[in-house]
Amino acid sequence: MIPFEYLEHTADVKFRAWGHSPEEMLSNAASALFKTMVDPAAIQAKESWTVELEDAELEQLAYRWLSEIVFLFETESAVFSTFRVSLKKNGVWKLQGEIGGERIDLKRHAFENEVKAVTLHQFQIKKNDHWCLQAILDV
Amino acid sequence: MVDIIKINDNTYEVPIGYRPGMRVPGRIFVSSALREMVEPGTIDQVANVATLPGIVKYSMAMPDAHLGYGFPIGGVAAFREDGGIISPGGVGFDINCGVRLLRSDLEAKSVQPLINTLINALFEAVPSGLGATGRLHATDQQLTETFISGSKWAVEEGYGVEADLAHCEENGHMAGADPAQVSVKARKRGRPQLGTLGSGNHFLEIQRVEEIFDEDVARQFGLFKGQITVMIHCGSRGAGHQICTDHLEVLSKAVKKYNIEIPDKQLACAPLGSPEADRYFGGMVCAANYAWANRHIIAHWTREVFNKYFPDANLDLVYDVAHNVAKIEEHDVDGRRERLYVHRKGATRSFGPSRSEVPEAYRKVGQPVLIPGSMGTPSYVLCGNDRALEVSFGSACHGAGRVMSRSKAIKMFTGKNVQAALNRDGIVVKATSPGMLAEEAPQVYKPSGDVVDVVHNLGIATKVAKLVPLGVSKG
């Protein structure tokens, strides 16, 4: 299983992320999102951020999780390289994410893209052999 | 599979039945050469939009159409107030991304030697790129006022002059803003970014008028050959992106609540008149007004920079157009005047002389339609035409339109060689993240001239002037 791959899209960025568990899939999806902006090798996980979300539907939760990363990137002026996700289902899905990264330093962080938002176009989660999330990012 | 039908040299129809559930046919306005460049996914998106409740006449795509999310980029659709919907999928994340054109009274020959200096000074004066925060430090109260009164607020704060307002679509402030529909998150993203250009395809460009196609209209617009103009292309920044993200979540639930079948989750929508629709509209208008204020502030700083080197120069506003927005407009439908919610996503309003929305100064000819080229390629000024009311709910294209994916572009070009190639053509480029220039290389776009010719030949907007870039400041 590869963690994620990018697919052809004329204007935006389309990717698929996999996981043995929904947690791993959400973590890999976050890595795929962030890698479109900055090479993760250039990012040191010096600081951490916590995200807590709750939703009745896993797909909506995943959309909010990825959108939250875009929000944090912009409002914290930070780049991220590690994403740890824990999930609980107790009637509703509860997500706790631990994100590692550092503040933007344009001398070390060469941006290739800026993700404006996560779209819902062809957004889907499927479970076959593995969990798979597909998303298109507006860049 | 139902085939696409050629209606005339510049119009193709996507018939009902192309996909299940289509309520109206699709119309794609392209020449045969541009038709080759339209991806199958774009046609699917045109057909998807045609399934939405209350859609009137056609789901349309302009000649710069390409694959988007929800609507295609270049998509136009109008919905009946009674029985129709509003969808953020028809507006996009960058609400009121748009273009503003300033005309100077300077001739290229006097400005050319200073292009490098001017671009450097503009790059300093107008914050751009990732993580850029404005010089403005707006308070929460000021942010609220921006959401409510857009460019009008900017003028009251000393950015620009009163006369600018009449030369903005909606006078730079659209009615119906409801700041209560803007989340704390959207405020947090928007506040530090007021007065910033952003990144991606957004730019600030010094141009020269290279060719005039219509002398009379050019005179009305104040344009002449050899003149220096400045074009500003940007939108509502993080505020708009977050407002769209927030409401998309709400509207995803609304489609279930109201039992609306949608073929794509990005087409999440709500029936007009429902609380969810009202809330989205109120939030969307806030973002639209923010974008007008943003371009107003940037234009003000641009004037300051020019006046530092050319103290007597005037940079008057030709016009400011929105190309990502949903608006309430009256149109004739089957002989009846109806109030419609016209969604333009990557499309420009193109009203002719008959419409009262056209500024007084241009009422004889029609509104200016501003079509930015990609980095390094010509931009065009066109004139709105009443013919567009019959063909496209008063709409035209918005740019060149991409043909090459970003990933392919990054494999083919590097930021450095794109910059070097532009320099060889005599175009000065200054960018915060040079790596991002690769994906905006001129070759990734359709030829802007071909796109504009389709619009001109259809008569939905007619060519007035061609502007070529001399210097570009990018995010």
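In chain B of this predicted model, strand 5 (residues 71-80) and strand 13 (residues 336-345) pair in the antiparallel sense over 6 bridges. Strands (E, at least two residues) and helices (H or I, at least four residues) are DSSP runs numbered from the N terminus, and two strands pair if DSSP finds at least two bridges between them. Within strand 13 of chain B, H343(B) stands opposite A77(B). Strand 13 of chain B is also joined by 10 bridges to strand 12 (residues 324-333) of chain B, and these two run antiparallel. K345(B) in strand 13 is the bridge partner of N324(B). Strands 12 and 13 of chain B form a hairpin with 2 residues between them, and D334(B) in the turn has a positive phi of about 50°.

Residues are numbered from 1 along each chain as its sequence is written, and chains are lettered from A and ligands numbered from 1 in the order in which they are written. Local features need pLDDT of at least 70 and side-chain atom pairs count only at pLDDT 80 or more, whereas totals for chains, interfaces and linings use all residues.

Chain B has 14 helices and 19 strands. Its C-alpha trace spans about 60 × 50 × 50 Å along the principal axes. Of the 475 residues of chain B, 64% count as buried (20 or more other C-beta atoms within 10 Å of the residue's own, with C-beta atoms placed from the backbone). The buried residues of helix 14 (residues 448-458) of chain B include V451(B), V455(B) and H456(B). Just after this helix, G459(B) takes a positive phi of about 80°.

The largest nonpolar core has 204 residues, and A29(A) and L382(B) have the most contacts inside it. Such a core is a set of buried Ala, Val, Leu, Ile, Met, Phe, Trp, Tyr and Cys residues joined through C-beta atoms within 7 Å. Helix 10 (residues 275-309) of chain B contributes the largest share of this core, 17 residues. Residues up to four places away in sequence aside, A29(A) touches F4(A), A17(A), A62(A), L66(A), L133(A) and A135(A), a contact being two C-beta atoms, placed from the backbone, within 7 Å.

The contact between the chains takes 29 residues from chain A and 37 residues from chain B. On the side of chain A that touches chain B, the largest share, 6 residues, comes from helix 2 of chain A.

Conventions. A residue is buried if 20 or more other C-beta atoms lie within 10 Å of its own, exposed if 12 or fewer, and partly exposed in between; C-beta atoms are placed from the backbone.
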